[in-house]
Amino acid sequence: MKTVAIITNYNISEKLAAAMKTADVIIPYVEKILIPVAYKERIMRSMNHKSQFSYRTPEEVYSLPELVIVLGGDGAMLDAARRIAPAGIPILGINMGRVGYMTELEIDELDLIKNVFDGKYKINERTMLEASVESKNGQQRFSGYALNEATVTNGAAARIVDIQLSDGDELVHTYRADGLVIATPTGSTAYSLSAGGPIVDPKLSCFCVTPICPHSLSARPLVFPDTANLKVKNICVREKVLHLTLDGRATYDLYYGDEVFIKRSPLTVKLVQIKEQSFYSKIRTNKFI
């Protein structure tokens, strides 16, 4: 690996310092370290520029390297994952957030990055989902990807909405709830978990569908194979618009009659694993169980 990108918020002093320490660790092994050009002035002013740094556009940072190192929490990992997935580049996460479920190393474990260049690592491929929106006349209006989940909610207002869930042409259930979460196994420990959904081993091939605060005693989380073609339809007549949100970032408006089609994406996210830490030990450490 001769070209590596380091992604973080360089405007935060703590993360800038951590990125420079990370660069010092990998410089003996690489020829170029790619950094978003938006942070060039910040790095220059802090007197941290190194000859190996190459300042590039976001498109180049997420498509040219052989490895991307992300310093941050799970939010930073999710943002990077969506951008990097089309290029199939492995991601190594270093936790600078609170939980860091998706990251591999803590900030005091930077020396372990050397193992990547010595070939002492594994790649964990994580399933992504693809969500597309069609209007009631069948016109596709939006398409996007998510590593964790797609949610349909009322947005900021905490009011009950009506949502219909189908698998292909078969009606599954009609929900009265604050919303619906459709999560991958990776996303089962995020919003879906908070809404009462199950924790799912990421090696499984499935989707978890979890209603948010359902106004029903019979509405329970459901697990579908990831070969399912799920459809969520806005049938709420009381609200002008609902919202589709992917990984808590990208949001799209859903009008009455609009349908969200959700299926397994052909893209995957490749997470670098250095430590011999199992899925269950990680969720115990983070007190999910």
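A pocket here is an open set of grid points, taken over the protein atoms alone, with protein on both sides within 12 Å along at least five of seven lines. Please keep in mind that this is a predicted model.

I will start with the largest pocket. It holds about 360 Å³ of space. Its lining is made up of 18 residues, and those closest to the centre are Asn 124, Arg 126, Gln 273, Gln 277 and Phe 279. Sorted by class, the lining has 6 nonpolar, 6 polar and 6 charged residues.

Now the second largest pocket, with about 310 Å³ of space. Here, 18 residues form the lining, and Ile 7, Thr 8, Asn 9, Tyr 62 and Asp 79 lie nearest the centre. At least two lining residues come from each of α3 (58–61), β4 (67–72) and α4 (74–84). Which element gives the most to this lining? That is α4, with 5 residues. By class, the lining of the second largest pocket has 10 nonpolar, 4 polar and 4 charged residues.

Last, two backbone angles. Cys 213 is not a glycine, and its phi is positive, near 45°. Cys 213 sits in the loop between β13 (206–212) and β14 (222–225). Asp 247, also not a glycine, has a positive phi of about 55°. Asp 247 is in the loop between β16 (242–246) and β17 (250–254).

Are these two residues buried or exposed? Cys 213 has 53% relative accessibility, so it counts as exposed, the cut-off being over 50%. Asp 247 has a relative accessible area of 5%, so it is buried, since buried means under 20%.

Methods: Residues numbered from 1 in each chain as written. Predicted model: local features only at pLDDT ≥ 70, side-chain atom pairs only at ≥ 80, totals over all residues. Heavy atoms only, no water. 1 Å grid on protein atoms, 1.4 Å probe; cavity = no way out; pocket = protein on both sides within 12 Å on 5 of 7 lines; lining within 4 Å. Points joined across faces, edges and corners; volume = space filled by probe spheres on them. Nonpolar A, V, L, I, M, F, W, Y, C, P; charged D, E, K, R; others polar. Helix = DSSP H or I, 4+ residues; strand = E, 2+ residues; numbered from the N terminus. Buried < 20%, exposed > 50% of the residue type's maximum accessible area, 1.4 Å probe, protein only.
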